[in-house]
Amino acid sequence: MSGKALKPTLSGTRNKTRKRDEKERYEPQVFRDAIISALEDVGNSHDQILKYLCDTATGKLDVKRYGEVLLDVLFIGGIIAPGGAIEGNVRTDICLVRQKPGDVKSFTNIFIQFIRRYKWLQKSLGEEIKKIIMVMRVCSDEAERGALGSATAYLLIEGLIPPNLLSGLTHDHLLKDDVSASFATSLFRTWLLERDMSSLTSTLKKASLDPSLQDLFPVGPKRNLDQIESYFKEQGLNEMVEYVRSQRANNNRKAFASRIKMYINDDNYNTVELQNYITDSVEQGRMSAINALHILFSTIANSGDWVGQEIIPDDFYKELKQYGTVFRKVMQSKKMQIEFINKIQEFCYDNINFLKTFQKIVYMLYNVNVVEEDAIVDWYKHGHITKGQTEFCSQMEKFVHWLENAEEEDESEEEEEEEEDDE
């Protein structure tokens, strides 16, 4: 009987997995313990910590794989668990948030130097700060939040983290108990020691934060600009106080301009009501008199059928004349008259279609007793601003000459009358 021979089989054997195919276990706790142990051995010597990270940790440990764990330990002292707790309650005091205020800059320099050497960690740094901001409860007290705020300022100044991560400070759970305000105050204080207010303003703008900073405070009385100003005053941040004041003035200016525009564009507007609104705004300090005059003038100039026309028609001057009583009510002094003429000069310079109207505008305001001859002459001789001064002084030359001669004629007439009375 013939048949096929059976093929030999292997039994009791096991295929080996190639080493490159083995999946390495992820053990963040082991990495954390190694880093904490090394930090404890080195102590709080910032130079030695940097030396260990650059010379030892990157050679013996998988820093690339456990970069987030490394940053957790360096910032907070342990692994940050979801919700903001410290995993296993394993934590070292040799970390950024446990530094004394005077040592925060030096410790932050560890991050700066380390990341300049290992650029691949820079993206993780920004994500780390963003994460810590969202779980700010991981910082046990105001001192730790203050250290984190200061470090964030240094890292922003160095350009190692993006400003938009600060937008996380506006979340409701961070506004409670002034957590966001405390963090931001430390950031502002540190920034202003290192840089100026204009650079801080630019960074806040890039972070898409409300320029008035109201988003950093809880909804309610604390979000009022007066309260925010008082808060920064108590913190001794005078530059922030002035910044908030300027923001409040800007808000007032926008609200005032919007209301004036509403009056001007209303065909049934009430001049008395408009006048009362302007005088109340000035008296209550919401708007300075000169800014009120400027906004009223520019709103009139930008609201008629003449907008966009190359040649301004007579209708504009007729419209402007109707508000003479309002201008007179607000005008307070000769000095203010000169300032107002300068505001008109600046407006005509910035709006090319009004360039040739300057003299006619001033002449019309003179005719309705809004500006007087002394103010006009003083403006012409030494009170004008530099914007377009050649053009505007040229326009005003004949008018000023006429005013000066008219004044001399009036004086001579008065002298003749006095002589006649004496006789």
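A: We begin with burial: a residue is called buried if its relative accessible area is under 20%, exposed if over 50%, and partly exposed in between. Tyr 277, with a relative accessible area of 14%, is therefore buried. Keep in mind that this is a predicted model.

Q: How is a pair of aromatic rings described?
A: Two quantities are used, the distance of the centres and the angle of the planes. A search of the whole structure finds 25 aromatic pairs. In one of them, Tyr 26 and Tyr 66 are stacked, with 5.0 Å centre to centre and 15 degrees between the planes.

Q: Which parts of the chain does the pair of Tyr 26 and Tyr 66 tie together?
A: Tyr 26 belongs to the segment before α1 (28-42), and Tyr 66 to the loop between α2 (46-60) and α3 (67-75), so the pair ties together parts that are 40 residues apart in sequence. Tyr 26 is partly exposed at 48% relative accessible area, whereas Tyr 66 is buried at 7%.

Q: How are Phe 256 and Tyr 277 arranged as an aromatic pair?
A: The rings of Phe 256 and Tyr 277 are stacked, 5.5 Å centre to centre, with 15 degrees between the planes. Phe 256 is in helix α11 (residues 238-265) and Tyr 277 in helix α12 (residues 271-283); the two are 21 residues apart, and the pair links distant parts of the chain. Phe 256 is buried, at 2% relative accessibility.

Q: Which residues form one aromatic cluster?
A: One cluster is made up of Phe 297, Trp 306, Phe 316, Tyr 317, Phe 327, Phe 340, Phe 347 and Phe 354.

Q: How do I read the packing of two helices, and which residues of α12 meet α13?
A: The general idea starts from the helix itself: an α-helix has 3.6 residues a turn, so residues three or four places apart point the same way. Here Leu 274, Ile 278 and Val 282 of α12 meet Ala 289, Ala 292 and Leu 296 of α13. The residues of this contact divide into six nonpolar, no polar and no charged. The axes of α12 and helix α13 (residues 289-301) come within 9 Å and cross at roughly 145 degrees, and the crossing is right-handed.

Q: Which residues of helix α17 are buried?
A: In helix α17 (residues 358-367), the buried residues are Phe 358, Ile 361, Val 362, Met 364, Leu 365 and Tyr 366. Asn 369, with a positive phi near 65 degrees, follows α17.

Q: Where is Asn 89 found, and what is its phi?
A: Asn 89 is in the loop between α3 and α4, and its phi is near 55 degrees, a positive value in a residue other than glycine. Asn 89 is exposed, at 67% relative accessible area. Asp 177, also not a glycine, has a positive phi of about 55 degrees. Asp 177 is in the loop between α7 (172-175) and α8 (179-194), and counts as exposed at 71% relative accessibility.

Q: How far apart in space are Gly 102 and Ile 341?
A: From C-alpha to C-alpha, Gly 102 and Ile 341 are 53 Å apart, and 239 residues separate them in sequence. Gly 102 lies in the loop between α3 and α4 (104-117) and is exposed, with a relative accessible area of 69%.

Notes:
Residues are numbered from 1 along each chain as its sequence is written. This is a predicted model: local features need pLDDT of at least 70, side-chain atom pairs count only at pLDDT 80 or more; totals for chains, interfaces and linings use all residues. Side-chain values use heavy atoms; hydrogens and water are left out. Rings of Phe, Tyr and Trp (its six-membered ring) pair if their centres lie within 6.5 Å; planes under 30 degrees apart count as stacked, over 60 as edge-to-face and the rest as tilted. Helices (H or I, at least four residues) and strands (E, at least two) are DSSP runs, numbered from the N terminus. Buried means under 20% relative accessible area, exposed over 50%, partly exposed in between (1.4 Å probe, protein chains only). Axes are lines fitted to C-alpha atoms, for helices over the stretch in contact, and angles run from 0 to 180 degrees between N-to-C directions. A crossing is left-handed if the near helix is turned anticlockwise from the far one by less than a right angle, and right-handed if clockwise. Contact means heavy atoms within 4.5 Å. Ala, Val, Leu, Ile, Met, Phe, Trp, Tyr, Cys and Pro count as nonpolar, Asp, Glu, Lys and Arg as charged, and the others, Gly among them, as polar.
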